[in-house]
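Dear colleague,

Please find below the structure that I am handing over to you.

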Amino acid sequence: MPDIIQLLPDSVANQIAAGEVIQRPASVVKELVENAIDAGATQIKVNIKDAGRTLIQITDNGCGMSDTDARMAFERHATSKIKSASDIFAIRTMGFRGEALASIAAIAEVELRTKEHDQDLGTFIHISGSNIIAQEPVSCDSGTNFQIKNLFFNVPARRKFLKSNPAELKHIINEIQRIALANSDISISLYHNGSAIYELNGSNKRVRIVSIFGKNINQNLIPIETETSLVKISGFIGQPKHARKMFGEQFFFVNQRYIKHPYFHRAIMQAYEKILPPDAIPSYFIYFDMNPADIDVNIHPTKTEIKFENEQAVWQILQASVREALGKFNIVPSIDFDQAGSVDIPMPLRDYGDVHTPEIKINPAYNPFEQTGSTKNYSGTDRSFAPTPTQRTNLSSWQSLYKGLEPDFSSQPETPADEPVQFRMEEQQTAKSSVQFKNKYILTPVKSGLMVIDQKRAHERILYERLMQVIENHEVASQQQLFPETFELNASDATLLTSILPELRALGFDVRDFGKNSFIINGTPGVLHTSSPVEIIESLLEEFKNSPVNLQEKARETVAMSLAQASSIQYGQALKPAEISELIDNLFACKTPNFSPKGKKILSIMPLDDFEKLLK
Ligand code: ADP
Ligand code: MG
């Protein structure tokens, strides 16, 4: 048999490597801007067309390249940043693998103009799909100018995998945000189809954060500063009361490199324990400075995951310094005092009828299948006992909640622990009412057993169908705001919101661009009865970002779906009996009462037989 193994041509090897390093236009932006930073640039301009599909242009005033270096730069494993393996452990530059330019040149058309500061003439190189088309002297500014055109022109599979322009642009904005936050001293600008998204002048970290996330974040920033022999930590953490239910303002940087670190994220969340509203995530901008020998940045091609030699120790130092910063700003002590003896911070109530102290007849936290112990004594408190969220945790004995609900059991024979609960249910059934359970489910007796309804999903379904009806019948009803509210978003959320404004308006959400990433809400959808539209918009964006549906084709459904999710009643929200029955009635008036808009089960029936088996 003839030998069959052969070496891949460079162009093919580079295309394969590109698959790892260059996933989308944003990866090109990241690699090229990082190269500009490594070249000592103090001014970097990024100019994008069609979310990077047609053009990505990066101009820097860095050191530039000689004509030989310019040619060499496109070779695989060609780098000026390391010379031997041991250098990897002293890396202070963003790049060092020498892969980016070779990869980009393999899957796009690249034009490079570059000139060293002490030279009169620069070099022009044109490469397309790894083939050099031209190299010649050119007169140009000092520094480097890359133009990347027709990305993935020879990799159709990649091209198809790209998302809509707003989605791709968002990735680009995110990369620029990270790099701009990591290098606040460098001036960076970003233009898309001719309009400016960022024009950031070199500044300190605080000013940089404010110019990216808007002036409102300024008073939210608590400085954090710690120095040990292992690591220096600096930056800012957000005040708990400003924590939002969405990701977007959480950043770790190590030696000016953005990294993802779920484990360190947990250190911060734990430091904030008990002082955050449920599901809220505090902002943080944490900068670690450490000896490059103590970290390994070479475990992932895009280098957003790195390994810490002393991860545990850094974790401890991080958590302690976050605690200290919170303490210094008097956040921990006062809150601990206010909340003494309770971990129950009331949910910010969403709009679902009026907000009242919940009037629940049944302890919603009580799970009949969990509780054991003596249940033979039914004397207790009043039936209409209505626990506040704080009181709820203080209720040690479940019996107290059932008084008045049950018939006289004194004549009943002694029963095992769980059994009386079933009597409660029977009692409910005769009272023809459904109950809320764990502030999450609605339990309602049906002929064949007990139906369990997920309250949030049910409400999502109801709102979704109403919103879709608005779209289908073009019956836009907008509830005009008495006091139109303005709000500001960070640039990436602002772009996303701008891209879905027409869909929102078709639903009755009258939101308009107010300039400089701010918006004004003049009206909300009549079908939603919302009282906190800004919060709804924020949750909507978060839901939208996580939507799997192809945004381009199904924007309306996706917006309706996200809006339904964002404005639905939440888990943990207590419902009044009238609200419960309204929810059930409305659910069964839906076309598809069984599944949430995202396809999750809304209800299930526990058959009577199962109850009998349970109690055998
Ligand atoms: P790496 O950054 O890992 O070294 P790249 O493929 O990104 O690999 O770049 C290869 C080389 O090209 C760099 O090491 C650098 O010498 C040179 N280079 C790339 N971009 C620039 C730039 N904007 N200015 C000056 N030199 C650059
Ligand atoms: Mg590089």
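This is a predicted model: local features need pLDDT of at least 70, side-chain atom pairs count only at pLDDT 80 or more; totals for chains, interfaces and linings use all residues.

Residues are numbered from 1 along each chain as its sequence is written, chains are lettered from A and ligands numbered from 1 in the order in which they are written, and side-chain values use heavy atoms, with hydrogens and water left out.

Ligand site

There are 20 residues around ligand 1, and Asn-35, Thr-79, Ser-80, Lys-81 and Gly-98 come nearest; a residue is near a molecule or strand if one of its heavy atoms lies within 4 Å of it. By class, this shell holds 9 nonpolar, 7 polar and 4 charged residues. Here Ala, Val, Leu, Ile, Met, Phe, Trp, Tyr, Cys and Pro count as nonpolar, Asp, Glu, Lys and Arg as charged, and the others, Gly among them, as polar.

Backbone atoms make polar contacts with oxygen of the ligand. A polar contact is a pair of N or O atoms within 3.5 Å; within protein, one must be able to donate a hydrogen and the other to accept it, and residues adjacent in sequence count only if both atoms are side-chain atoms. A polar backbone atom of Phe-96 is 2.9 Å from an oxygen atom of ligand 1. For Leu-101, a backbone N or O atom lies 2.9 Å from an oxygen atom of ligand 1, and for Ala-100 the corresponding distance is 3.3 Å. On its own, ligand 1 has 530 Å² of accessible area, of which the protein covers 93%; accessible areas come from the Shrake-Rupley method with a 1.4 Å probe, and for residues only the protein chains shown count as cover. Helix H2 (25-38), helix H4 (100-106) and strand E6 (143-149) are the elements that give two or more residues to the shell. Helices (H or I, at least four residues) and strands (E, at least two) are DSSP runs, numbered from the N terminus.

Two strands pair if DSSP finds at least two bridges between them. Strand E1 (residues 43-49) pairs with strand E7 (residues 187-192) in the parallel sense over 6 bridges, and Ile-44 has Ile-188 in E7 as its bridge partner. E1 also pairs with strand E2 (residues 55-60), in the antiparallel sense and over 6 bridges, with Lys-49 opposite Leu-55. The hairpin of E1 and E2 has 5 residues between the strands, and Asp-50 takes a positive phi near 50° in it.

The four-stranded sheet

An open sheet of 4 strands has the order E16-E17-E18-E22, with antiparallel pairing. Its edge strands, each pairing on one side only, are strand E16 (435-437) and strand E22 (603-607). The twist averages 30° from one strand to the next; axes are lines fitted to C-alpha atoms, for helices over the stretch in contact, and angles run from 0 to 180 degrees between N-to-C directions. Helix H13 (residues 455-472) packs on this sheet, touching E16, E17 and strand E18 (449-454), and its direction makes about 65° with that of E18. Contact means heavy atoms within 4.5 Å.

E16 and strand E17 (residues 441-446) are joined by 3 bridges; Phe-437 is partnered by Tyr-441 and Val-435 by Leu-443. Their hairpin has 3 residues between the strands, with Lys-438 at a positive phi near 60°. E17 is in turn joined to E18 by 6 bridges, where Leu-443 stands opposite Val-452, and the hairpin of E17 and E18 has 2 residues between them.

The three-stranded sheet

A further open sheet, of 3 strands, has the order E19-E21-E20 with antiparallel pairing. Strand E19 (478-488) and strand E20 (510-515) are its edge strands, and the twist averages 15° from one strand to the next. E20 pairs with strand E21 (residues 518-525) over 5 bridges, and Gly-515 has Ser-518 as its bridge partner. Helix H14 (residues 491-506) lies across E19, E20 and E21, running at about 145° to E20.

With kind regards
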